[in-house]
Amino acid sequence: MRSVQTPLSRRTLLTGAVGTGVVGACLAAGGDSASALSPAALQVTGSTRAFSLGAQRSASLLSSAQAEAGPGLAVVSVPVDGGHMVGVTFPSGASTDTISVRVRLAGGGWTAWSDLPLNDSEPDPDTAEGRRSVTASDPMWVGALGTGATVQVRLPQADVADAHLQVVDAGEASALARTTLSSPASSDRSAQLLATKASPKVLPQPTIKTRAQWGADESLRKGGVGYSDTIKACVVHHTADGGTYSQSDVPSVIRSMYRYHTVSLGWSDLGYNFVVDRFGGIWEGRAGGITLPVVGAHAGGFNTDTFGVSMMGDFTSIAPSAACLESVAQVIAWKLSMYGLPADGVAYLTSAGGGTAKYSPGTTVRLRTINAHRDVGYTACPGNVGFTKMDAIRDRVDELLGGATITAIAAKYAAIGGAGNLGGPTTDENDTPNGAGSYRFYSGGAIYWSKATGAHTVRGAILQLWGQLGWENGLGFPTTDDSPAKGGFYNHFQGGSIYWSPATGAHEVRGAIRQKWASMGWEGGPAGFPVTGDGAAKGGFFTHFQGGSIYYSAATGAHWTTGAIRDRWAALGWEYGLGFPTVDDTPTPNGKGYYNHFQKGSVYWSPATGAHAITGAFRDAWASMGWENSFLGFPTKDEVAIDGGTRIEFEGGTLTWTKSTGKITVKKK
């Protein structure tokens, strides 16, 4: 049994009255919401299949297709069962700018050829996401292919061997309770829009459907979310997908784009921050919080300090619908209002270069607040006709911004239900003492705002502990609202998190320890809730949790230890004895026990032997014999002094060090 068996006698709980609960109701975010940005349980079906076009070729196919394909081109047919969206990837690059596809359903005729340009939205090149990215066409929604369909790809003969047809099945979305919390927020505005001792005036948030509502499978996301320091500009796109879709198809289309971006192209997430359909629906794109400056993969070279809004469709020769254009203006105006940006202002951005970027790395470019993708990249996006609508979008955004009348904190208060949720105000809206933001207290909690984080609620025991830690001068401003955890509540802050449960109270978790805990599943993992705050160890830090402890030092990183191994380490003096853990508690290769290596030795445990430490030359000798897989097995006692030396006992024998010879001898039982 590897649960914590003894009370935490050495590390006492932080003192101070922090209350026994969270005051007031929390935002409705699903009954069992995950911690912010943690992957939800897999709740969406779907698949991605890659067909090598080189493997599909045959002499008869190419011979019959040459006349239609044209000089130097090939047509490759791929039989496909099922799928909703197609695209073509080129792992080693492509010799063309455009490929074409057409589809034939079982028993039907061929559709017309549709040209798919190479994808020109992309991550910045100096990011992990950019290094994973591959050359690919834009994807195209083809609807339900069904059984017995065929997809034909027309492309240069030279590219066939390396190309892959990607067929994405959108899957069916089930009920999705876990979402990334997205709440109205704001940022610093220009002086003429700032009220004295108040957060900036903002527009009410338009209706934005969440990732859960389009059915995001959060397990497909790769790595953490990247954030800019602020927002300086917007970039408008089209998805360049010429396929037709109904209103009921929209969630499936977005799921397919998301899967194409993450699985086929290797991106971290959906490239766009927001997606707007032709019916006027606004949808949350990339995860990380719709109010925050999330770095997308929409405009290679200029993803930092911008947000991307993409219109679903191909607007090369047709115009976006009036409903689509209005919603594009609505979401842009709302976001710009939070960051104090005018509709037709000036933004100075530094190019990261790469891909289709118009400007070489390090070049500072004077742009407008609202840009078309072609303003920053060598691309036709958002389509020739879509581009003609840019001034109309700017004019409408300017008109909407003129209607911003309430502060960001007031807008937040209204958005969460006002007095019915947070109670009545008990203070005026004031600037924080450090001048970096604003706040207002209510009978049920507080709302804090800063430029970098937006406006968020903090309540009850979490609010009290945050105050004891120095308010915004301690953990920084809140980056989420107080939100349900598994059996409690939490707030994330710029410098860490505070988690509360009835059994543990409120405690802060920071830095590498917090990152380690997050990788283990937050409070839903084996650690459970923190039972101490972030404490100083000898040369590092620690946090104790319900299920064990995480210790960190610069030399070892952050590692997890629990149960009998942790108890034995504690009995030997914690980090003062064996030093810091250098690995997590780990199953032995033979599956019979667990171990942890520390800076000055190891602790091994099995059900039959319990937990025992082994250090120095004894550990080296045992390791050279094969550890617990040798005839010695697990240690049954710690090292003990004997006449003339030291001995350690194992299941199958002993190791003895003799002082007079300085040697270790092994004896089998």
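# Aromatic pairs, cores and sheets in a predicted model

The structure, a predicted model, holds 35 aromatic pairs.

Student: What kind of aromatic pair do Tyr245 and Phe279 form?
Tutor: A pair of aromatic rings is described by the distance of the centres and the angle of the planes. For Tyr245 and Phe279 the centres are 6.1 Å apart. The planes stand at 80 degrees, and over 60 counts as edge-to-face. The pair is edge-to-face.

Student: How many residues apart are Tyr245 and Phe279?
Tutor: Tyr245 sits in the loop between strand 12 and helix 5 (250-264). Phe279 sits in the loop between strand 13 and strand 14 (282-284). The pair links distant parts of the chain, and the separation is 34 residues.

Student: Why does Tyr245 count as buried, and how does Phe279 count?
Tutor: Buried means under 20% relative accessible area. Tyr245 has 6%, so Tyr245 is buried. Phe279 has 30%, which lies between the limits of 20% and 50%, so Phe279 counts as partly exposed.

Student: Are the rings of Tyr551 and Trp574 stacked or edge-to-face?
Tutor: The centres of Tyr551 and Trp574 lie 5.9 Å apart. Their planes make an angle of 20 degrees, and under 30 counts as stacked. The pair is stacked.

Student: Where do Tyr551 and Trp574 lie, and are they buried or exposed?
Tutor: Tyr551 is in strand 30 (residues 548-553). Trp574 is in the loop between helix 13 (563-571) and strand 32 (586-587). Tyr551 has 0% relative accessibility and Trp574 has 6%. Tyr551 is buried, and Trp574 is buried.

Student: Which residue with a positive phi follows helix 13?
Tutor: The phi angle there is near 110 degrees. The residue is Gly573.

Student: Which element gives the largest share of the largest nonpolar core?
Tutor: That core has 45 residues, and Val309, Ile332 and Val397 have the most contacts inside it. Elements giving two or more residues include strand 12 (233-238), strand 15 (306-311), helix 6 (322-338) and helix 8 (390-401). The largest share is 10 residues, and the element is helix 6.

Student: Which residues does Val309 contact, leaving aside neighbours within four places in sequence?
Tutor: Among them are Cys234, Val235, Val236 and His237. Phe274 and Val276 are in contact with Val309 too.

Student: In which order do the strands of the open sheet of 4 strands run?
Tutor: The edge strands are strand 2 (73-80) and strand 5 (114-117), as each pairs on one side only. Neighbouring strands are turned by 25 degrees on average, direction ignored. Strand 4 (residues 98-104) and strand 8 (residues 149-156) are joined by 5 bridges, in the antiparallel sense. The order is 2-8-4-5.

Student: What stands opposite Ser100, and over which ring does the charged end of that residue sit?
Tutor: Opposite Ser100 is Arg154 in strand 8. The charged end of Arg154 is 4.4 Å from the centre of a ring. That ring belongs to Trp113.

Student: Why does Thr150 count as buried, and what does Thr150 touch?
Tutor: Thr150 lies in strand 8. Its relative accessibility is 13%, and the limit is 20%, so Thr150 counts as buried. Beyond four places in sequence, Thr150 touches Ser77, Val78, Pro79, Arg102, Val103, Arg104 and Trp110.

Student: Which residues of strand 17 (residues 364-368) point to the buried face?
Tutor: The side chains alternate along this strand. Strand 16 (residues 346-350) runs antiparallel to strand 17, and Leu349 stands opposite Val365.

Methods: Residues are numbered from 1 along each chain as its sequence is written. This is a predicted model: local features need pLDDT of at least 70, side-chain atom pairs count only at pLDDT 80 or more; totals for chains, interfaces and linings use all residues. Side-chain values use heavy atoms; hydrogens and water are left out. Buried means under 20% relative accessible area, exposed over 50%, partly exposed in between (1.4 Å probe, protein chains only). Two strands pair if DSSP finds at least two bridges between them. Axes are lines fitted to C-alpha atoms, for helices over the stretch in contact, and angles run from 0 to 180 degrees between N-to-C directions. A nonpolar core is a set of buried Ala, Val, Leu, Ile, Met, Phe, Trp, Tyr and Cys residues joined through side-chain atoms within 4.5 Å. Contact means heavy atoms within 4.5 Å. Rings of Phe, Tyr and Trp (its six-membered ring) pair if their centres lie within 6.5 Å; planes under 30 degrees apart count as stacked, over 60 as edge-to-face and the rest as tilted. A charge sits over a ring if NZ of Lys or CZ of Arg is within 6 Å of the ring centre and within 35 degrees of the ring normal.
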